[in-house]
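This report walks through contacts, packing, a pocket and charged pairs. Keep the model open while reading.

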Amino acid sequence: MRLSLRPVARSEFDLVSRIQVEPDQVRYSGTVAQAFEENEEGVDFHAILDSSRAVGFFKIDRLYHETYEFAQADELGLRAFMIHSDDQGKGYATAAVAALRAYLPACYPDRRAVVLTVNMQNSGAVRCYLRGGFADTGGINPHGLAGPQHILRMGLAAER
């Protein structure tokens, strides 16, 4: 596995268009097509690559704190994290999550942490995020589209 992360411009849909999750996972992550169709202010796209082949996708929300009161202005939001269904179970997700700690500060040097919500029923994703370096804040977001969510946070730089 030669894993890397990189930004994806809106004009690069073809790079990540093959990425699809299992039908029962769509309620948690959405689809790549949905991400590109939505024109969300403050949201950037990123690819998870094995060599030059895209195996995953995620969004970084620079304005996450404007939607979620548990997030601070100097924190990013991780959203729509997904690994292509054929590539699941191969360690890509945990490796990509762990790589965020070094990758995100290079892209967003003014941010000190990344925050996410993960559905309480999505135990595989919870384990992946915790193994990759996120910590459970103990908070619950009761308003998730698919039900209540854990709130997880990972520091990106030394606390100020």
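## Around Leu 156

Leaving aside neighbours within four places in sequence, Leu 156 is in contact with Leu 76, Leu 100, Arg 101, Leu 104, Pro 105, Arg 111, Arg 112, Ala 113 and Val 114. This is a predicted model. Leu 156 sits in the segment after strand 7. Its relative accessible area is 10%, so Leu 156 counts as buried, the cut-off being under 20%. Val 8 is 148 residues away from Leu 156 along the chain, and the two C-alpha atoms are separated by 21 Å.

## Nonpolar cores

In soluble globular proteins, nonpolar side chains tend to be buried together. Here the largest nonpolar core has 27 residues. Phe 58, Leu 78, Phe 81, Leu 104, Tyr 129 and Phe 134 have the most contacts inside this core. At least two residues each come from strand 3, strand 4, helix 5, strand 5, helix 6 and strand 7. Which element gives the most to this core? Helix 5 does, with six residues.

Leu 78 shows the packing from one side chain's position. Beyond its neighbours within four places in sequence, Leu 78 is in contact with Phe 58, Lys 59, Ile 60, Leu 100, Val 114, Val 115, Leu 116, Tyr 129 and Phe 134. Another core lies apart from the largest one. This other core has 15 residues, among them Val 21, Phe 36, Ala 80 and Met 82.

## The largest pocket

The largest pocket has a volume of about 1100 Å³. It is lined by 47 residues, and the closest to its centre are Tyr 28, Ser 29, Phe 81, Asn 122 and Tyr 129. Two or more lining residues come from each of helix 2 (26-29), helix 3 (32-37), strand 4, helix 5 (92-107), strand 5 (113-119) and helix 6 (123-131). By type, the lining divides into 20 nonpolar, 18 polar and nine charged residues.

## Salt bridges

The count comes to 13 salt bridges.

| Pair | N to O distance |
|---|---|
| Arg 79 and Asp 61 | 3.0 Å |
| Arg 153 and Glu 75 | 2.7 Å |
| Asp 87 and Lys 90 | 3.7 Å |

Take Arg 79 and Asp 61, whose side chains meet in a salt bridge. Arg 79 lies in strand 4 (residues 75-83) and Asp 61 in strand 3 (residues 53-61), so this pair ties together parts that are 18 residues apart in sequence. Arg 79 is partly exposed, at 22% relative accessible area. Asp 61 is buried, at 7%.

Arg 153 forms a salt bridge with Glu 75. Because Arg 153 lies in strand 7 (residues 149-155) and Glu 75 in strand 4, the pair ties together parts that are 78 residues apart in sequence. Glu 75 is buried, at 0%.

Asp 87 and Lys 90 make up the remaining pair in the table. Asp 87 counts as buried, at 3% relative accessibility. Lys 90 is partly exposed, with a relative accessible area of 47%.

Key
Residues are numbered from 1 along each chain as its sequence is written. This is a predicted model: local features need pLDDT of at least 70, side-chain atom pairs count only at pLDDT 80 or more; totals for chains, interfaces and linings use all residues. Side-chain values use heavy atoms; hydrogens and water are left out. A salt bridge is a side-chain nitrogen of Lys or Arg within 4 Å of a carboxyl oxygen of Asp or Glu. Helices (H or I, at least four residues) and strands (E, at least two) are DSSP runs, numbered from the N terminus. Buried means under 20% relative accessible area, exposed over 50%, partly exposed in between (1.4 Å probe, protein chains only). On a 1 Å grid over the protein atoms alone, a cavity is a set of points where a 1.4 Å probe fits but cannot get out, and a pocket is an open set with protein on both sides within 12 Å along at least five of seven lines; lining residues have an atom within 4 Å of a point. Grid points are joined across faces, edges and corners, and a volume is the space filled by probe spheres set on the points. Ala, Val, Leu, Ile, Met, Phe, Trp, Tyr, Cys and Pro count as nonpolar, Asp, Glu, Lys and Arg as charged, and the others, Gly among them, as polar. A nonpolar core is a set of buried Ala, Val, Leu, Ile, Met, Phe, Trp, Tyr and Cys residues joined through side-chain atoms within 4.5 Å. Contact means heavy atoms within 4.5 Å.
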